[in-house]
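Trainee: I would like to learn how to read a model of this kind. Could we go through it feature by feature?

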Amino acid sequence: MKSFGSYFKRALILTLALLVICGILYPLVLTGLGQLFFNKQANGNMIEVNGEAVGSELVGQAFEGDEYFHGRVSSVNYNTYTEEEKESGDYAGVSSGTFNYGATNEDLEARVKEDVAAFKERYKAVVGEEFTGEIPADMLTASGSGLDPHISPANAEVQTPIVAAASGLSEEEVAQIVENNTEHKVLGIFGEEKVNVLKCNIEIAEKIGAITTEE
Amino acid sequence: MLQIILTLAIYMVLVIPMGAYMYHIATNKKTFADPVFDRVDGAIYKVCRIKREGMTWKQYALHLVMTNAVMVLVGYAILRFQGFLMANPNGIEGMEPTLSFNTIISFMTNTNLQHYSGESGLSYLSQMLVIIFMMFTSATSGYAACMAFCRGLAGKRKDVGNFYEDMVRITTRIMVPVSIIGGLLLIWQGAPETFQANFTVHTIEGKLQDIQTGPVAALEIIKHLGTNGGGFFGANSTTPFENPTIISDLIELWSMMILPGACVITFGKMTMARRKEEKAARAAQAAQNTPAVAQKAPAKRVFFGKQGRTVFAAMAVIFLIGVTVCFVSESNGNPILEQAGLNQDMGSMEGKEVRFGIAQSSLFTTVTTSFTTGTVNNMHDTLTPLGGMVPLLHMMLNCVFGGKGVGLMNMIMYVILAVFLCGLMIGRTPEYLGKKIEGREMKLVAIVLIVHPLLILGFSALAVMTSAGLEGITNPGFHGLSQVLYEYSSSAANNGSGFEGLADNTYFWNITAGLAMFFGRYIAIIAQLAIAGSLLAKKRVNETIGTLRTDNAIFVIILVAVVYIFAALTFFPALALGPIAEHLVLWMS
């Protein structure tokens, strides 16, 4: 048993040493450096309106009003909720993820069919004419995280008539807002073209006076 | 497709210098950073009273297992009592016993399968002292084992090295410095690094939104660098805070690819160095007669080393086939949704993020399962059937680069098998790296190669036969079987990604997956170290004209064929009932 004891002792010492280096020193050093050099990013890239955070540039939000762009389908509703929903337990706490429907799952087909119908109905109600175009794939599929902050430019284009009609802005103005908040491929190669929904909507809200910024 | 090719091209540029650096560390050669690290390491050796004597393979394996066991005990205690400990601003409670068992085995074995959800399951203290700590140490353990294995194969020394010295050197010279640099880059891109509690903001529509933060970047970088894969949040690297931009995505991709690839290069250089020394010795003997010849030492730059090149090429071939199948399958979209009125020109976007799109998502999926990291930037459960079969297959092969160190060791098992099969065909005793492969080695190889499918198929069979197992399945039809296969492949291959729909936080799944991870890791490592030890003890035989060359293109083809044939013989029936059947249903009906 003597050798077991010596093995154990050496293992324990190494464990404690690495625990201090990797578990304590390393995260503290990195947090210090991060807070020092990249303060905004290290604290979540929050967007402030009138000095108050309204969301993070990187995290999507659920929007309901027709005057705003809608993000992708989220299984966690972007962790967005009202006081009542929290009290009633409809909002179960902060989370992330997707529905995890396999490609042949009937629930997936049913959800998409329902959403297609709902979108066409909403389009007709707000814009006043039938929707005849193609619905791009990202519009009615759920994102992986449930927190995707972006939509594709094609998706934004399809939503533009609704946003314009409901907000009172012209389609050109809305298209300009989309353009302002479109992020391009890195070096023209890596990634995809995408539109930041929250930033678009803040710009719309400012234009229509839903929020006022103090100079 | 262009961005996939370019991403891989840049990877090749990065991996070669890293391989050279790792080779210097593995063989105690000088590097540019020695003045700093020698002092740091010296201090650690002194404080921990580490005697840097060589170990036999048995001692090495025992020390490794013992150290891992101690880490498991410490980690388990922290998880159970995290509710009472400090650094817990979000008020998380202690973890339930079977879930703690599963979690701790999962992180110690470099699997990082998560049956909990990071947001609600772990305090910041646990994220640091258990998760981040284990991400470092499990990766370092795997790599240490691999270095010992390579020393055994290269056969320059009598022993396989000192376990404690390896652990310290790898941690201080590779893991921590690269993590700090990479971590800063991720923070720059937008991954939070703070100890504040979660934010609650008022949205412009007058609602509330909870935004989770924490020391995310610190975990994120080592999660990839150490091919760990367990996310800070439930949805892993799909969440914007874990993986905010395409640049962070590329950083994460390269950091999980770099060390497993570099391991192969290290191996190549180690075997190369031995051959060179032998040559030099022979030349020196000859030089006694003609002194002028010995002066001409070859100054050619070596990137891979011949033996490493073969292995790397075989891995690359399998990898490229996989990534192509996955990309094509995902690009084709889902015909059922097309019929439902959703245009599929963008490809199958269910479970994917707009900022990564189809190309970077399928690349990430193939990389994470080939390099057995297990991190995901899209949800694998929602992949198209064939797109989902690629990650499943690569975890079943478990040798396409593979996790830190162990992937190389697994591939060497196939190499030995290939050499053995060729030996049978040409009627000679098989040799590898100048050592005879005999009954003892082949038995050990067989154990390693059989344990893996046995764990996957055995546990899957158990799960579909018991009601406790069936309850976890959430997708109907053939996809349900894929979910089960995926869970155990991921466990046995120590990958850790999941078909996340599986309702796996139950006693049944926690315990069976925990056992699969445990046996998948330690049986293989011990058997592989035994092979290295056994080869080390053998006398070297001289290469003759009849020796099977293991450093040319033909051998690459043989090796790839052996891997695929072995996989087909073992896994084809299961794959046919899962993803292949689902594919036929999707496209034929």
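Trainee: What share of the residues in chain B is buried?

Mentor: A residue counts as buried if 20 or more other C-beta atoms lie within 10 Å of its own. In this predicted model, buried residues make up 60% of the 589 residues in chain B.

Trainee: How many helices and strands are there in chain B?

Mentor: Chain B has 19 helices and 4 strands. The C-alpha trace spans about 90 × 60 × 45 Å along the principal axes of chain B. As for contacts in chain B between residues at least 6 apart in sequence, 79% join residues at least 24 apart.

Trainee: At what angle do α1(B) and α9(B) pack?

Mentor: The general idea is to sort the angle into a class: 65 to 115 degrees is roughly perpendicular, under 35 roughly parallel, over 145 roughly antiparallel, and the rest oblique. Helix α1 (residues 2-26) and helix α9 (residues 246-287) of chain B pack at about 50°, with axes 6 Å apart. The pair is therefore oblique, and the crossing of α1(B) and α9(B) is right-handed.

Trainee: Which residues make that contact?

Mentor: From α1(B) they include B:Y11, B:L14, B:V15 and B:M18, and from α9(B) they include B:W254, B:M257, B:I258 and B:I265. By class, the contact of α1(B) with α9(B) has 16 nonpolar, 4 polar and 1 charged residues.

Trainee: How many residues does each chain give to the contact between chain A and chain B?

Mentor: Chain A gives 91 residues and chain B gives 102. On the side of chain A that touches chain B, the elements giving two or more residues include α1 (2-37), β2 (52-56), α4 (106-127) and α8 (197-208). The largest share of that side, 23 residues, comes from α1(A). Its residues divide into 48 nonpolar, 33 polar and 10 charged.

Trainee: Let us end with one residue. Is A:V112 buried or exposed?

Mentor: Count the neighbours. A:V112 has 25 other C-beta atoms within 10 Å, so it is buried. The residue sits in helix α4 of chain A.

Trainee: Which residues does A:V112 touch?

Mentor: Leaving aside residues up to four places away in sequence, A:V112 touches A:L140 of chain A, and B:L337, B:A340 and B:L342 of chain B. A:T98 is 14 residues from A:V112 in sequence and 14 Å from it in space, C-alpha to C-alpha.

Note on methods. Residues numbered from 1 in each chain as written. Chains lettered and ligands numbered in written order. Predicted model: local features only at pLDDT ≥ 70, side-chain atom pairs only at ≥ 80, totals over all residues. Axes fitted to C-alpha atoms, helices over the stretch in contact; angles between N-to-C directions. Left-handed = near helix turned anticlockwise from the far one by under 90°. Contact = placed C-beta atoms within 7 Å. Nonpolar A, V, L, I, M, F, W, Y, C, P; charged D, E, K, R; others polar. Buried ≥ 20, exposed ≤ 12 C-beta atoms within 10 Å, placed from the backbone.
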